[in-house]
Amino acid sequence: MSKRRKRFISKYENEATYIVGKKVVKIEEQNTVIGDKLKTVFYCESINKPEGRMCIAWGKTNFEVGDIVDMKGRIKDDIFLVWTLMFRKNREKTQ
């Protein structure tokens with residue numbers, strides 16, 4: 001019989017927030033090496049902030065300004081910390 005691993009549940013799971021269908025308006029830094037990890041700082045559309053909501057994602061990213069993102073994460077100190085991210089290329093830009 002094999003051992004079953006228990007699913008890791010974050011202590012922040014109750015703070016999880018989903019952001020769906022927001023456009024990336026600015027990329028401050030992308031795939032910057034910090035220690036042995038890659039960090040991306042970007043801004044996506046926000047109703048409350050004219051400059052956009054600051055988001056930080058760890059790991060390799062390859063989206064561009066204008067792409068549409070769907071993210072799961074949490075807000076800490078008015079910054080969205082990304083846990084998972086999916087993006088769609090902006091069709092207007094590619095045609």
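## Polar contacts and the model

A polar contact here is a pair of N or O atoms within 3.5 Å; within protein, one atom must be able to donate a hydrogen and the other to accept it, and residues adjacent in sequence count only if both atoms are side-chain atoms. By this criterion the side chains of Thr40 and Thr61 are joined at 2.8 Å.

The model is predicted: local features need pLDDT of at least 70, side-chain atom pairs count only at pLDDT 80 or more, and totals for chains, interfaces and linings use all residues. Residues are numbered from 1 along each chain as its sequence is written, and side-chain values use heavy atoms, with hydrogens and water left out.

## Chain overview

The chain has five strands and one helix, in the order β-β-β-β-β-α along the sequence. Helices (H or I, at least four residues) and strands (E, at least two) are DSSP runs, numbered from the N terminus. Along the principal axes, the C-alpha atoms fill a box of roughly 55 × 30 × 30 Å. Contact means heavy atoms within 4.5 Å. Among contacts in the chain with a separation of 6 or more, 45% are between residues 24 or more positions apart.

Of the 95 residues, 29% count as buried. Buried means under 20% relative accessible area, exposed over 50%, and partly exposed in between (1.4 Å probe, protein chains only). A nonpolar core is a set of buried Ala, Val, Leu, Ile, Met, Phe, Trp, Tyr and Cys residues joined through side-chain atoms within 4.5 Å. In soluble globular proteins, nonpolar side chains tend to be buried together.

The largest such core in this chain has 11 residues: Ile19, Val24, Phe42, Cys44, Cys55, Ala57, Phe63, Val69, Met71, Phe80 and Val82. At least two core residues come from each of strands E1 (17–34), E2, E3 (53–58), E4 (68–76) and E5 (79–88). Beyond residues up to four places away in sequence, Val82 touches Phe42, Cys55, Ile56, Ala57, Met71 and Lys72.

## Thr40, Gln30 and Thr61

Thr40 is placed in strand E2 (residues 37–44) and counts as buried because its relative accessibility is 0%. Leaving aside neighbours within four places in sequence, its contacts are Glu29, Gln30, Asn31, Cys55, Ile56, Ala57, Gly59, Thr61 and Phe63.

Gln30 is in strand E1 and, at 29% relative accessibility, is partly exposed. The side chain of Gln30 makes a polar contact of 3.2 Å with the side chain of Thr61. Not counting residues up to four places away in sequence, Gln30 touches Lys39, Thr40, Thr61, Asn62 and Phe63. Gln30 and Ile56, 26 residues apart in sequence, have C-alpha atoms 9.8 Å apart.

Most residues other than glycine have a negative phi, and most peptide bonds are trans. Phi is positive for Asp77, near 50°, and for Asp78, near 65°. Asp77 is exposed, with 68% relative accessible area, whereas Asp78 is partly exposed at 41%.

Arg53, in strand E3, counts as buried because its relative accessibility is 12%. The side chains of Arg53 and Asp78 are joined by a polar contact of 2.9 Å. Excluding residues up to four places away in sequence, Arg53 touches Phe42, Tyr43, Cys44, Ser46, Ile75, Asp78, Ile79 and Phe80.

## Gly21

Gly21 belongs to strand E1 and is partly exposed, at 37% relative accessibility. Apart from residues up to four places away in sequence, Gly21 touches Ile68, Val69, Asp70 and Arg88. The C-alpha atoms of Gly21 and Asp67 are 9.4 Å apart, with the two residues 46 apart in sequence.
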